[in-house]
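I opened my notebook to write down what I looked up in this structure. Here it is, shown before my entries.

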Amino acid sequence: MQPFALNYARPAATLEATAPYVYDSGMQLNVLMDGRVAARDHALMRELGTTTSTAGSKTHFDD
């Protein structure tokens, strides 16, 4: 017997988007290409809603 969800499950689509920021390990923040903190760019926050990185997942086991 196959679970119902497996009949409709599809692989996650890969997005072809690139983030306009990079993670700065020295500052432990996402920064824009000009060095400004990404979270302080209000236009970027309105457009993306958030900035994400994998830093927390690599340093904290309770994430």
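**Entry: the strand pair.** I started with Y21, which stands opposite L32 in β2. This is a predicted model, where local features need pLDDT of at least 70, side-chain atom pairs count only at pLDDT 80 or more, and totals for chains, interfaces and linings use all residues. I also noted that residues are numbered from 1 along each chain as its sequence is written, and that side-chain values use heavy atoms, with hydrogens and water left out.

Strand β1 covers residues 21–24 and strand β2 covers residues 29–32; the two pair in the antiparallel sense over 4 bridges. My reminder on terms: helices (H or I, at least four residues) and strands (E, at least two) are DSSP runs, numbered from the N terminus. Strands count as paired if DSSP finds at least two bridges between them. I jotted down one general point too: in a regular strand the side chains alternate between the two faces of the sheet.

**Entry: the turn.** What joins the strands? β1 and β2 form a hairpin with 4 residues between them. I looked up Q28, placed in the loop between β1 and β2. Phi of Q28 is near 60°, a positive value in a residue other than glycine. Q28 is exposed, at 60% relative accessible area. The cut-offs I used: buried is under 20%, exposed is over 50%, and partly exposed is in between (1.4 Å probe, protein chains only).

**Entry: D24.** D24 sits in strand β1 and is partly exposed, with a relative accessible area of 25%. The side chain of D24 reaches the backbone nitrogen of G26 at 2.8 Å. I counted that as a polar contact, meaning a pair of N or O atoms within 3.5 Å; within protein, one must be able to donate a hydrogen and the other to accept it, and residues adjacent in sequence count only if both atoms are side-chain atoms. Leaving out residues up to four places away in sequence, D24 touches L29 and V31; contact here means heavy atoms within 4.5 Å. I also checked D24 against V37: they are 13 residues apart in sequence and 9.5 Å apart in space, C-alpha to C-alpha.

**Entry: charges.** How many salt bridges are there? I got 2, taking a salt bridge as a side-chain nitrogen of Lys or Arg within 4 Å of a carboxyl oxygen of Asp or Glu. One joins the side chains of D34 and R36 at 2.8 Å, N to O. The other joins R36 and D41 at 3.4 Å, N to O. That links D34, R36 and D41 in a network. In general, side chains of opposite charge can pair when their charged atoms come close.

**Entry: D41.** I went back to D41, which lies in the loop between β2 and α1 (42–48). The side chain of D41 also reaches the backbone nitrogen of A43, at 3.2 Å. Beyond neighbours within four places in sequence, D41 is in contact with L32 and R36.

**Entry: confidence.** Last, I looked up pLDDT, the predictor's confidence in each residue, from 0 to 100. The mean pLDDT of the protein chain is 75, and 67% of its residues reach 70 or more. Where is confidence lowest, and where highest? The lowest is in helix α2 (residues 55–59), at a mean of 54, and the highest is in β2, at 90.
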